[in-house]
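I opened this notebook to record what I looked up in one model. The entries go from the chain as a whole to single contacts.

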Amino acid sequence: MAAQTENADIVDCLNWRYAVKKFDSTKKLDDAVYKKLEDALRLSASSFGLQPWKFVVVTDPEIKAQLPAFSWGQTQPQECSHLVVICRIAELDEQYVDRYVSKIASSRNVSVESLASYTGMMKGFLKNPADKKHWMEKQCYIALGTLLTAAAALGVDACPMEGFDADAYDRILGLTDKGCRSVVVCPLGYRAADDKYAQLTKVRFDAEEVVIRL
Ligand SMILES: Cc1cc2nc3c(=O)[nH]c(=O)nc-3n(C[C@H](O)[C@H](O)[C@H](O)COP(=O)(O)O)c2cc1C
């Protein structure tokens, strides 16, 4: 099946995509296409809009070459064009909320004071979350979903990956110093012509089994 174009039907795009096991390492995303995917990541929804993430983009071949050893032997992080490591921020504290509220105020031309009750709600939520780290990781998975859908719509191949050693990635990529922790990774690029997984029939439960209509 041919790569999708920007005008393709979204369901066709989602049928076209699959979790790529083997990328063609000679094919690179051009800058304009990559920029759209980066914009899609940045535009992801998040709870309260707090965006508790960083997106670390690795294109350096020497860094990528170190990663299969810490990816359950999977080679996609090395062979892809752009490796996106979706990270949560290390600390989500009241200062972070204040920075976000300032951003709302400047973006919408309203005063910080007018946002006091929203600010209080966020700070209240963060004071006692059942698991703040887990909550931030959930937001990272929303960004992953947005990225996968955007990639499919643009005819870019991807592989969502949890099969990696997060501590090793954090060390190799120097993430602790950057104030973040890796959560999930997404190699982007173009499938190798001989990736046999491209030919496999999609396995999805029928709508009757997963959709409950009331
Ligand atoms: C969060 C997440 C983690 C995944 N981790 C891996 C992985 O480490 N390696 C891999 O080859 N596929 C991984 N997958 C891909 C799934 O196996 C794949 O999406 C699923 O089997 C459905 O197939 P499809 O995406 O090709 O339609 C992951 C998918 C998700 C959503």
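**Basis.** I note that this is a predicted model, in which local features need pLDDT of at least 70, side-chain atom pairs count only at pLDDT 80 or more, and totals for chains, interfaces and linings use all residues. Residues are numbered from 1 along each chain as its sequence is written, and side-chain values use heavy atoms, with hydrogens and water left out.

**Chain.** I looked up the secondary structure and found nine helices and four strands. Helices here are DSSP runs of H or I with at least four residues, and strands are runs of E with at least two, numbered from the N terminus. In that direction I read the order of elements as α-α-β-α-α-β-α-α-α-β-α-β-α. Along the principal axes, the C-alpha atoms fill a box of roughly 60 × 50 × 35 Å. Of the 214 residues, 40% count as buried (under 20% relative accessible area, with exposed over 50% and partly exposed in between; 1.4 Å probe, protein chains only).

**Ligand.** I found 14 residues around the ligand, of which Arg-17, Ala-19, Gln-74, Lys-202 and Arg-204 come nearest; a residue belongs here if one of its heavy atoms lies within 4 Å. The shell divides into six nonpolar, three polar and five charged residues. In this division Ala, Val, Leu, Ile, Met, Phe, Trp, Tyr, Cys and Pro are nonpolar, Asp, Glu, Lys and Arg charged, and the others, Gly among them, polar.

I then looked up polar contacts (pairs of N or O atoms within 3.5 Å). A polar side-chain atom of Lys-202 lies 2.4 Å from a ligand oxygen, and one of Arg-17 lies 2.8 Å from an oxygen of the ligand. Glu-162 places a backbone N or O atom 3.0 Å from a ligand nitrogen. The protein covers 65% of the 620 Å² of accessible area that the ligand has on its own (Shrake-Rupley method, 1.4 Å probe).

**Ser-71.** I located Ser-71 in the loop between α3 (61–65) and α4 (76–79). Ser-71 counts as buried because its relative accessibility is 0%. A polar atom of the Ser-71 side chain lies 2.6 Å from the backbone oxygen of Leu-67.

**Leu-14.** I placed Leu-14 in helix α1 (residues 10–16). Its relative accessibility is 35%, so Leu-14 counts as partly exposed.

Notes:
A polar contact is a pair of N or O atoms within 3.5 Å; within protein, one must be able to donate a hydrogen and the other to accept it, and residues adjacent in sequence count only if both atoms are side-chain atoms.
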